[in-house]
Amino acid sequence: MTKQTFIAATFCLALTGCQSLTNEQDQAGTQAIDAENTATSNVDVNVIDSDLSNQTDDALVFPLDTRDVALSPAAIDDIPLPEEVVNLDAEKAEVQAEPVIEEVIPEPLPPIDLWQRMQSGFSLDLELNKPRISSQLKWFVSHPSYLDRVSRRGSRYLYFIVEELEKANLPLEIALLPIVESGFDPFGYSHGRASGPWQFIPSTGRSYGLDQDWWYDGRRDIVGSTRAAIAYLTRLNKMFKGDWLHALAAYNSGEGTVSRAIRRNKKAGKPTDFWSLKLPKETRAYVPKLLALGKLFENPEKYNYKLRDMPNEPYFEIVNIGGQIDLAQAANMAGISIDEVYLLNPGFNQWATSPTGPHRLLIPVDKASTFRSKLVSIPADERVTWVRYTVESGDNLALIAKQHNTTVNVLQDVNKMSSTLIRVGQQLMIPVAGSKIESYTLSSHQRLLAKQNRSPSQNRIKINYVVKSGDSFWKISQKYKTTSKQLARWNNMGLKDPLFAGQKLVVWLKGEKRVNSTGRSVTKKIVYTIRPGDSLAKVAGKFRVKLADIKKWNPKVTGQKYVQPGDRLTLLINVVAG
């Protein structure tokens, strides 16, 4: 303000100020004043600023004649400044002003390891110290190979699961829940008919949009089942007023089971926390398992466990395929194995994606671009192989479907048929696998065959049993001295799965257990070829086994009226030594 006022006064006084003194001065004085005014008007503004740097704001003093003329700041403020002076002052202020430097705080870099990202999102109470948690933790710590195996399985899916949990603002310990549910096996199937990595039963799966038919089972779909599990857990958490342990228990045994247990405790005046509830044995262990895993993965060094490397980056991309496609063809286009296609897309049961969707495939990130470019070059009608079949005498739709590894419903849908009636000469379009059916190793049919051919232990004999009308798991298991659960497991089924006449089941039989003096079983399985003159009774006597056992072990051969030379019998022989 001092400088601005001084400059204004300088110009105004130079032009008009001296006129008020003319009448009081004589001619000589007037000349002196004029000379002084002339000198003052030529003074450099910057020099004036410098000379007045020590003046105060109370009064500015100008050296005029031999007297001091003082002007107050208020009077000077009323004097307008020339435009060029205003501009000059503004420029000086701009130059002299110190720049304002804002402190920029860099955003933290994302963790390079997915485990670190998960650990930062753990929010359950992992400080709990309960015997049930300690028991589960002890088991996990003593089985590092199991943890390695489930981590390896989960490496395809964990990044996606963590992303979805973060979007829903759920505890990231839940990303470990598929270890408890299925061991991260996307094809896992329990005796209770639960399926997939998150183990949905059929009814709950359907209520959360997970369709299930011959082509597709949404309970195994990685994208669909993960989103359904998050929706279900979110609802349970709200139902139990934010108590995650109650919600997790309900996810395992049902909200009704947990709600009834809470009501019982309230009525009895007992605490209603998870640890105080009377719940099924499986559920009482279920929640501690997750908490134990949380403890271990939060601080693996404490338990002397080395986590498997898990980059914090996506494993797959979701590719829109626009329609049905043969999975062998998709594998070839992406440059990956057909097993990898199934492991990323386990929801598809057969050799192709479902004609009704979902029309998407999960493809490894580094292969997605190649797959997309090849996909657009293949016409939609060339993505699945079709055969034209002409109906012959004696055909029926069920027989044709079986011959072509498909179903009656598929044939009806494809051929726009409202009934199963067909006529000789009629032509049907049938979708078929483009490669040998055996090459689709993880299709539903091939997985079942592999399961049925996998002996549960050594020295067992597999027999094929054809289901008869009125059969049940219990009736069949009693006949072969086993359990319903075991029989269902051998056939990759649930105890509540329906049986139908003509269905083939496998039964793994074992002979009578005999031991030697060391207490060790020495049962051996052999294959004996019938020779001329042999009979079943003679073979039984030769190997000291029961005739009934031979018939039980070899139903196909012994079902004939006579055994023939060259027929092969499977026998369980107990060799006792010492």
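Keep in mind that the model is predicted.

I'll start with the cores. In soluble globular proteins, nonpolar side chains tend to be buried together. Here, the largest nonpolar core holds 69 residues. Which of them touch the most other members? They are Met118, Leu176, Leu177, Tyr251 and Phe297. Take Met118 on your screen. Setting aside neighbours within four places in sequence, Met118 is in contact with Leu158, Val162, Leu172, Ala175 and Leu176. There is also a second, separate core of 30 residues, and Tyr480, Leu487, Leu572 and Ile573 are among them.

Now the pockets. Rolling a probe the size of a water molecule over the atoms shows where empty space is left. The largest pocket has a volume of about 1,800 Å³. Its lining is made of 44 residues, and Trp214, Ser444, Leu448, Phe500 and Gln503 lie nearest the centre. Which helix gives the most to that lining? That is α21, with six residues. Strands take part as well: β7 (460–466) and β8 (504–510) each supply at least two residues. By class, the lining of the largest pocket has 16 nonpolar, 17 polar and eleven charged residues.

The second largest pocket has a volume of about 1,400 Å³. Of its 43 lining residues, Tyr189, Ser190, His191, Ala194 and Gln199 lie nearest the centre. Here α15 (281–298) gives the most, with five residues. α21 supplies at least two residues to this lining, as well as its six in the largest pocket. The lining of the second largest pocket divides into 18 nonpolar, 14 polar and eleven charged residues.

How values were computed:
Residues are numbered from 1 along each chain as its sequence is written. This is a predicted model: local features need pLDDT of at least 70, side-chain atom pairs count only at pLDDT 80 or more; totals for chains, interfaces and linings use all residues. Side-chain values use heavy atoms; hydrogens and water are left out. A nonpolar core is a set of buried Ala, Val, Leu, Ile, Met, Phe, Trp, Tyr and Cys residues joined through side-chain atoms within 4.5 Å. Buried means under 20% relative accessible area, exposed over 50%, partly exposed in between (1.4 Å probe, protein chains only). Contact means heavy atoms within 4.5 Å. On a 1 Å grid over the protein atoms alone, a cavity is a set of points where a 1.4 Å probe fits but cannot get out, and a pocket is an open set with protein on both sides within 12 Å along at least five of seven lines; lining residues have an atom within 4 Å of a point. Grid points are joined across faces, edges and corners, and a volume is the space filled by probe spheres set on the points. Helices (H or I, at least four residues) and strands (E, at least two) are DSSP runs, numbered from the N terminus. Ala, Val, Leu, Ile, Met, Phe, Trp, Tyr, Cys and Pro count as nonpolar, Asp, Glu, Lys and Arg as charged, and the others, Gly among them, as polar.
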